[in-house]
Amino acid sequence: MSASLIKVPAGGQKIVPGQAIPDNPIIPFIEGDGIGVDITPVMIKVIDSAVDKAYGGKKKIHWMEVYAGEKSTQLYGPDEWFPKETFDALREYSVSIKGPMTTPVGGGIRSLNVALRQELDLYQCVRPVQYFKGVPSPLKHPELVNMVIFRENTEDIYAGIEWAANSEGAKKVVEFLQKEMGVKKIRFPETSGIGIKPISVEGTTRLVRAALKYVIANDRKSLTIVHKGNIMKFTEGLFRDTAYKVAQEEFGAQPIDGGPWCKFTNPNTGREVIVKDAIADAFLQQILLRPAEYDTIATTNLNGDYISDALAAQVGGIGIAPGANISDEYACFEATHGTAPKYAGLDKVNPGSLILSAEMMLRHMGWTEAADLVIKSMEAAIGDKQVTYDFARLMEGANELSCSDFGDAMIARM
Ligand SMILES: NC(=O)C1=CN([C@@H]2O[C@H](COP(=O)(O)OP(=O)(O)OC[C@H]3O[C@@H](n4cnc5c(N)ncnc54)[C@H](OP(=O)(O)O)[C@@H]3O)[C@@H](O)[C@H]2O)C=CC1
Ligand SMILES: O=C(O)CCC(=O)C(=O)O
Ligand SMILES: [Mg+2]
């Protein structure tokens, strides 16, 4: 392992969980693979401008580059995909932001994005989906889409417990299942890859608790538990049952018409909160046909992954889909999309997702004035039809801007 490559910026201060945010916080960032090289610098420029404008130089983020993914293998060595000092820095500085990282399909390294969530136990993947006026959408009424996804981020098949077809591991597990557990339903035991899906009471409880606290703090109207518990009874079904239990035991929810739907009163606002559930396949058509009926969503890891991109499409696509990975101590913000390799280095893609992820980060830090400026300037740029290719191709009379020019168009409207 090489000597440290991370340069701590002079004049910045650490964010310490539980303490006030300093005016000069050090924020580690991972540039990201693929389009990371395009969107990350634009995000930094836009956020610096918003902070400067909002606080007249009194507050300033001190960005600290830390390395993971392909850039890290170039700097630290061929097998150093996620150096220990990067994990250490993300913990030590507690609030960070990252670009997307590549995961090969089939063989090769396991997801670095998932590894980060598991290593820092960032159990909430929070992905708000809201409509910006003027954005092209396949819906007649995209303005009715206003949802926040709470995706469980550490369990499910993302735990990476799986064995390749024909491997010794797969053979052993199949033999164990057949001989010890009496399993007779593996259709093709000789050629099956095997994966394990852990879903726990603890994992579900903390995720649903966080989602319901969010509902209360933000005066949201409902929580929908999305699962496939009819088929996967002891994993997805456990998620559903545990979620209702949390609502009832921790938030005082009372069954509606004998249950399982239930409701409680938001102690801050007096508004009624409905807790309901939906089976994932039906949910995916309901959000297209009746989006106004859904608000905050709590779901398992894989469902949450699918739902994130599907819902993003309803409000213009994953070019404008932000997110945050959050634990009780740490937060690492990142876009919903991936590395979009065909556009890497072309200064073409929409930096909106990463900028809006940074906007969530500003709000998380309590820097709401700067966050508001980010939203205002994005709305203004889109309203003036100054947009990147993804929106321009679906909009009448749009002026197609490069990734960096879109950032400048936002800054000009702050
Ligand atoms: N958290 C993370 O770091 C994530 C990483 N990944 C990884 O990224 C890699 C590529 O994954 P892939 O399935 O292609 O999905 P991507 O999200 O990278 O891209 C799919 C398509 O979405 C559109 N898109 C993505 N980002 C933007 C943007 N910023 N602006 C405008 N349009 C955008 C493009 O559509 P169009 O072609 O129509 O222009 C693109 O071809 C994989 O290795 C995957 O594992 C994937 C998701 C999340
Ligand atoms: O880690 C990856 O490569 C994909 C992750 C992903 O799709 C997501 O977090 O939404
Ligand atoms: Mg995804």
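This is a predicted model: local features need pLDDT of at least 70, side-chain atom pairs count only at pLDDT 80 or more; totals for chains, interfaces and linings use all residues.
Student: Which residues surround ligand 2?

Tutor: Ligand 2 is surrounded by Thr103, Ser111, Asn113, Val114, Asp305, Ser308, Thr336 and Gly338.

Student: And which elements give two or more residues to that shell?

Tutor: Those are α4 (112-119) and α9 (301-314).

Student: Turning to α3, which of its residues are buried?

Tutor: In α3, which spans residues 84-92, the buried residues are Glu85, Thr86, Ala89 and Leu90. Viewed down the axis of α3, they fall within an arc of 140°, so they line one face of the helix.

Student: Why would residues a few places apart point the same way?

Tutor: An α-helix has 3.6 residues a turn, so residues three or four places apart point the same way.

Student: What do the buried residues of α3 pack against?

Tutor: They pack against β1 (26-30), β3 (95-98) and β14 (331-334). After α3 comes Ser94, with a positive phi near 60°.

Student: On to the sheet: how many strands form it, and in what order?

Tutor: Twelve strands form an open sheet with mixed pairing, in the order β2-β1-β3-β14-β13-β4-β5-β12-β8-β11-β10-β9. At the edges are β2 (62-65) and β9 (254-255), each pairing on one side only.

Student: Do β8 and β11 pair in the parallel or the antiparallel sense?

Tutor: Strands β8 (222-227) and β11 (272-279) pair in the parallel sense, over six bridges. Val226 stands opposite Ala278 in β11.

Student: Which domain does UniProt place at residues 26-410?

Tutor: An unreviewed UniProt entry places "Isopropylmalate dehydrogenase-like" there. That span is 40% helix and 17% strand, and its end C-alpha atoms lie 24 Å apart.

How values were computed
Residues are numbered from 1 along each chain as its sequence is written. Chains are lettered from A and ligands numbered from 1 in the order in which they are written. A residue is near a molecule or strand if its C-beta atom, placed from the backbone, lies within 6 Å of it. Helices (H or I, at least four residues) and strands (E, at least two) are DSSP runs, numbered from the N terminus. UniProt positions are given in the numbering used here, feature names are shortened, and annotations may be inferred rather than shown by experiment. A residue is buried if 20 or more other C-beta atoms lie within 10 Å of its own, exposed if 12 or fewer, and partly exposed in between; C-beta atoms are placed from the backbone. The arc is that of the directions from the helix axis to the C-beta atoms. Two residues are in contact if their C-beta atoms, placed from the backbone, lie within 7 Å. Two strands pair if DSSP finds at least two bridges between them.
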